[in-house]
Amino acid sequence: MSSHSTSAGESPVSGIPAMLANSAWQIVATAGVAAVVLGVLVLVWPGATLVLVGTLFGIYLLISGAFQIAGAFGNHVPGHLRALGLLSGALSVLLGLICFRGPMESILLLAIWIGFGWLLRGIMQVSVAMSSDVLPARGWQITFGVIGVIAGIVLITSPITSIATLTLLAGIWLVVLGLFEVVHAVQLRSRLRS
């Protein structure tokens with residue numbers, strides 16, 4: 001048997017695409033755990049200052065945006081949706097940077113921008129899941145995307161003016177979002193190994 005042949009358990013894909021496919025569940029799990037940790041921190045310190053909240057959200061949005069940009073190059077993303085994934089990730093990075101502008105930024109603007117980021121991410125996730133029949137955990141992807149769209153619309157149409165309310169809502173949302181991502185990562189891992 002030749003050393004170049006592929007055994008039954010090995011993937012015929014190699015190189016960077018294989019590496020991305022094999023690490024996809026780890027990336028999703030890391031983002032999920034980061035969201036849960038951030039959500040718990042926000043809930044534990046409800047009286048946090050705008051600077052702390054802005055910094056925490058900025059870090060989360062930067063990490064989330066970087067993962068979205070990397071995920072846009074995955075094999076499971078159809079070519080016509082890669083641009084939307086890149087746009088969504090770039091917007092998330094931009095929103096993260098806006099959070100670092102300082103305490104003088106309006107909480108109203110922050111709520112609208114966070115809502116817009118969640119809306120775009122949700123639309124992107126639903127679009128990818130609806131257009132790809134072979135996507136692992138497709139139902140979770142659609143559910144997660146719809147929740148993101150709804151949360152984004154609520155934040156855009158009814159901006160939250162109280163930092164305590166925004167902190168509480170964001171903390172709860174991040175915990176729920178993170179748990180969904182961790183469950184999705186576990187399903188993705190089992191699907192990739194079967």
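In which helix is Leu41 found? In this predicted model, Leu41 belongs to helix α1, which covers residues 16-44. The residue counts as partly exposed, with a relative accessibility of 33%. Leu41 also contributes to a nonpolar patch on the surface, together with Val33, Val37, Val40, Val44 and Trp45. The accessible area of this patch is about 520 Å² in total.

The secondary structure of the chain consists of six helices and zero strands, and the order of elements from the N terminus is α-α-α-α-α-α. Of the 194 residues in the chain, 40% are buried. The accessible surface amounts to about 10,200 Å², and carbon and sulfur atoms account for 73% of that area. Among contacts between residues at least 6 apart in sequence, 78% join residues at least 24 apart.

Helix α3 comprises the 21 residues 79-99. From its first C-alpha to its last, α3 reaches 31 Å, close to the 30 Å expected at 1.5 Å a residue. Its buried residues are Leu81, Gly85, Ser88, Gly89, Leu91, Ser92, Leu95, Gly96 and Cys99. Viewed down the axis of α3, these buried residues fall within an arc of 160°, and they therefore line one face of the helix. An α-helix has 3.6 residues a turn, so residues three or four places apart point the same way. The face of α3 turned away from the buried side carries the exposed residues Gly79, His80, Ala83 and Leu87.

Helix α5 is formed by the 20 residues 138-157. The end C-alpha atoms of α5 are 29 Å apart, which agrees with the 28 Å that the helix should span at 1.5 Å a residue. The buried residues in α5 include Gln141, Phe144, Gly145 and Gly148, and Val149, Ala151, Gly152 and Leu155 are buried as well.

Side chains of opposite charge can pair when their charged atoms come close. A search of the whole structure finds one salt bridge. This salt bridge is formed by Arg121 and Glu181, whose closest N and O atoms lie 2.3 Å apart. The pair links distant parts of the chain, since Arg121 lies in helix α4 (residues 107-131) and Glu181 in helix α6 (residues 163-193), 60 residues apart. Arg121 is buried, with a relative accessible area of 17%, and Glu181 is buried with a relative accessible area of 6%.

Technical notes. Residues are numbered from 1 along each chain as its sequence is written. This is a predicted model: local features need pLDDT of at least 70, side-chain atom pairs count only at pLDDT 80 or more; totals for chains, interfaces and linings use all residues. Side-chain values use heavy atoms; hydrogens and water are left out. Patches are made of residues with over 30% relative accessible area and no salt bridge: like charges are joined within 9 Å, nonpolar side chains (Val, Leu, Ile, Met, Phe, Trp, Tyr) within 5 Å. Accessible areas come from the Shrake-Rupley method with a 1.4 Å probe; for residues, only the protein chains shown count as cover. A salt bridge is a side-chain nitrogen of Lys or Arg within 4 Å of a carboxyl oxygen of Asp or Glu. Helices (H or I, at least four residues) and strands (E, at least two) are DSSP runs, numbered from the N terminus. Buried means under 20% relative accessible area, exposed over 50%, partly exposed in between (1.4 Å probe, protein chains only). The expected span of a helix is 1.5 Å times one less than its number of residues. The arc is that of the directions from the helix axis to the C-beta atoms. Contact means heavy atoms within 4.5 Å.
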